Amino acid sequence: MKRLPLISILLLAVCFACFPKFAHAQAGGNDISISVTLDRDSIGLNEQATLQVVVSGTVQNLPEPQMPTLPMFEVYSQGRSSNISITNGQISSAVTYRYILLPKKPGTYPIDQIALVYRNHRYKGNEVELTVLNKGNSAGQNLEKQAQDSNGKGKDYFMEAVVNTKTPYVNQQVTLTLKFCIAVQYYGSPELQEPATTGFWSEVLGNKAPYYQKINGRTYRVIERKYALFPTQTGELTIGRAAITATVAARGGGYKDPFNVFGNFFGRGQDITVRTSPINIRVRPLPEKGKPDNFSGTIGNFAITASADKHTVEVNQPVTVSIKIYGTGNVKSVAEPVFPDLDDFRIYKASSNENVSKNNDLIGGTKDFEEVFIPKRPGRLEIPALSFNYFDPMRSKYVTLSTQPIGLQVTKPEGYASTSDVPFSGPDQTIGSEAKDIRFIKESMGSTSNVGGLIIFSPIYIILNGLPVALLAATVLVRKRKEKMSSNIGYARSRSAARAARKRLVKAKSLATIEKGGAFYAEIYQTVTSFIADKLNISPHGLTTDRIKQLLKERSADEGLIEQTARLLGQCDFARFAPSSITQESINQSLKSAEDVMVAMGGIRF
Amino acid sequence: MMILLATALIAHAQEDDFDKANKYYEDKDYDSAVRMYESILDKNVESAALYYNLGNAYFKKGDLGHAILNYMKAKRLDPSDEAIRHNLDFARQFSRVRMEGVTLNPIDSFLGSVVDPYRLNTLAWISSILFILFFVFLILRYGLGMWSTATKAGAIVSLVLLLTVAGLTTFKYRTEYLTERAVIVADDSPVYTGPSDQSDKELEGAPGLVVKIIDQSGDYYNVLFENMRRGWIKKDLVAII
C-alpha cells in the first residue's frame, strides 16, 4: 500500500513527459506570459524611453494587454509586431507592443499593472521603474530658438542643421545632423533635398528612427539624418542648405465641407517647405610641427597589425604577410605601408581591400594589405617591424605605430644550391621537385631559315603543288583526244591527214628520179588527193581534178592555189599516161610545186 | 658555285657568333650573350635553338617578358622540343600576375592540342604530299583511265586525309601567324580603358603575360588577355611574337 503513491507519481511523470500538450493544458494558468522592459532606466526631461511589452504564449490569438494610466508621461503607441511559430504541432506566439514615453516631471515612477485577462484568468506583467532626472530640461538653446517664430510663438515645424565641429582639419570627419521637427499631423513621407557638400567627400551615416522630443513644452516628432563629411581641401568651405517638403494638415478655419461625413479623415493637406541655413566650415591644414618625414597623409585614429601565414618555409617559397589597419577615419585614404628593400627577401604586392563601417556616427573600418615575401636564403630570417603613421585630429598630434617583427625559419629545399641562379620568383610558383632552373642552352644552332620565312609562301612549294594539277590536265586532254580519234574516223583522218601527206612527200622525194618517174608522180597525186580526202573524210577514189577544184572553191581557197593544184594534178596525169615526157627538171619542178601546194593547203579550214 | 661558297661562309660566320654567344652565357655575361644572339637575328636568320638560347639569356638577366617572348618564338619553330617547352612553362610560373577566369573554346583547345606538337612547315609538307597523292590517283583515274576500285578508294582516302591535314594547317597558321599576339615585356605595364594614359586604368599587366592584338590606335594596342579582359596598352610595353 505504501508503494501506491510512488507508482502514481511515476506514472503521472511519464504521462507529462510523453504528452506535452496535455502537460500544458494541465498547466493551464502558465501558458501566457507578459514581459515588460524599458530601453533604459533613467532619462532626462527632454528625452524619451521606449517601453516594450511582449505577450507570449501557446495560444493563437493572444489578447492585448491593458495599459495602466501613466499620468506622469505622454504615451505614444509605436505599433505592434507578432510572431507565430509551430514546432512539433505546438503553437507558440508572441506579440510585441512598443510605446514611447515622454516624461512630464522629474521623479521615479514604477510601471506595473500591465495585465490581460484570458479565459477568466488574469495575467500580470513584471514591474519596471523609470527614473526621470531633472537634467536636459532644455532641448538645446538652438532648437528652442528655432522652434519659435519672430513673435515668440511656437512653430508647427522647422528644420535644423548642426555640425560637430566648424574648424576641422583637412580629411577629418565632420558629422552633419539634420533634424526635422514637426508638431502637427503630416501625410506621407517628407521629401528631403540633400545639402550641397562641395569640397567634401560625403558619406550618409543613415536615418535615425523617428522619435519624439519636447521643445518649449511642446512635443515634436523628430526625423533625423546624419552625414559624415570629410573636407578634401583647406580653407573656407560651405555646407549648403538642406530643404524638406512635407504635406501637413491644413490649419483650422477656412471652408468646411458640410457633407464631410468622414470628418478630417481625408484631411486637406498643405505642402510646406522648410530650409536650413548654410554652415560655414573653416578647414585647417595639418600642423607642420611634429610631422614625420614619411607622413602618409592618413587622418583618424588607427591601429595596425601584421601577421604571416606561416613561420617555417623553404627557400624561394612564398610567405604571405597580412597587414591590417583598422580604426576610425577615412579608411579609403589609408596609404599602403612600404617595406624597405630587404636583402633576404623578394617582396611582391599581392592584394589590398578595404571594408568601410559606420559605428556611433563615425566612419571607420579596416584596410587589409597582403604582401608576398620570398626568402632568398635559408636560416633564421626576420621580416622587420613595419611603421605606420597618421594624424589624430582629436589630440591634434601625429602618431607613429609599429608592428611586431615576424620571425621566419627558412629551410633548405632538397638539392638546394647555395647560390640560387633563378633571378626572380613569384607568388604563383609551384616548382616541381626536379625543376630548379631552366634547361641549359643548346650547343648547335640547328636548321636555320630566314626570319619569318614560311614554306607555304616559297616558290618551290607553290610550283610543286601546281605540277600535279598541270599533269592531270595534260593527261586528261591526251586521253580525251585519243578517245575522239578512236571513236570518230573523220576526226582521226582529218587530224592525221597532214602527217600522212608529209610521209608521202618524203616518199615521193625518194622517188624523184627519171627511172622512177612514174611512181613519183603517182605518189604526188596520192599525196594531194589523199590529203583532201582525209581532211573531208571522203574516199580518195573517184576524186577528179574538177571535183577537187570544186571542193577547194567551196572551202574558199585562193584561186592561185586552186589553179596550181589543178596544174600539179594535170602534170601527174600527163606523166602517168606519157612516161617518156618525164624529165628530171619536170620532176624537181613538180616536187617543188607539190610542197608549195601542201603548205598552202595546211592553211585552209576544211 | 660562288653563291654556294658565299652561303657556306655566311653560315659558318653565324655558327661562330652563336658559339661566342654561348660562351658569354656560360661565363654568365648574359648582357653580352643577348647582344650576340640578337646580332644573328639582325642578319635575318632564325632557328629554334637561337630563340631558345636568347630566351635563356633573358631569363638569367631577369627579363621575364623577353624570356617568354623568345621561348614562344622557339616553340613556334620547333614545338616538339622538350627543353623549349620546359623552359617556357618554367618561366611562366614566375609571372607576377595570374589570369583568373581563363576559359578556352573547347574546339580551339582540341584542335590546338592536335597541332601543338607539329611545326607549321611539317604540316604544310604533309598537306602537300597528300595533295600530290590525291592528284596521282586522279591522274591514274581520269588521265590514264584506270577505273579500278583501288584508284577510287585511293582518291577518296587521300582527299579525306588532305582536307583534314590542310584544315589543321590552316588552323595552326591562323592561330600562330595570322592572329597577332604579343608578350608584355615592361615591368610597369598599365592597361587603360582607352588609347591614352588619361583614360582610366583597366588593370596592371605584368611581364610575360601573352595578349592578342585586336586593334591599334596611335601609340596604343587594343589587347585581349587570355581571360577575355581587354584594354589599351602602349606599343613599346609589348613585343610581337
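A: The loop between α6 and α7 (545-554) of chain A holds A:N537. Helices here are DSSP runs of H or I with at least four residues, strands are runs of E with at least two, and both are numbered from the N terminus. The model is predicted: local features need pLDDT of at least 70, side-chain atom pairs count only at pLDDT 80 or more, and totals for chains, interfaces and linings use all residues. Residues are numbered from 1 along each chain as its sequence is written, while chains are lettered from A and ligands numbered from 1 in the order in which they are written.

A:N537 is not a glycine, yet its phi is positive, about 55°. Most residues other than glycine have a negative phi. A:N537 counts as partly exposed because it has 15 C-beta neighbours inside 10 Å. The cut-offs are these: buried means 20 or more other C-beta atoms within 10 Å of the residue's own, exposed means 12 or fewer, and partly exposed is in between, with C-beta atoms placed from the backbone.

B:K28 counts as exposed, because 11 C-beta neighbours lie inside 10 Å.

A hairpin turn supplies another positive phi. β22(A) and β23(A) form that hairpin with two residues between them, and A:N360 in the turn has a phi of about 50°. Strand β22 (residues 345-359) and strand β23 (residues 362-375) of chain A pair in the antiparallel sense over 14 bridges. Pairing requires at least two DSSP bridges between the strands. A:V356 has A:G365 in β23(A) as its bridge partner.

Back to α6 (517-536). The buried residues of α9(A) pack against α6, and also against α5 (489-510) and α8 (559-577) of chain A. Helix α9 (residues 584-601) has 18 residues and reaches 25 Å from first C-alpha to last, close to the expected 26 Å. That expected span is 1.5 Å times one less than the number of residues. Buried in α9(A) are A:I587, A:S590, A:A594, A:V597 and A:M601. They lie on the same side of α9(A) because they cover an arc of only 90° around the axis. The arc is taken over the directions from the helix axis to the C-beta atoms. The face turned away from the buried side carries exposed residues, namely A:Q584, A:E585, A:N588, A:K592 and A:V599.

Definitions and conventions:
Contact = placed C-beta atoms within 7 Å.
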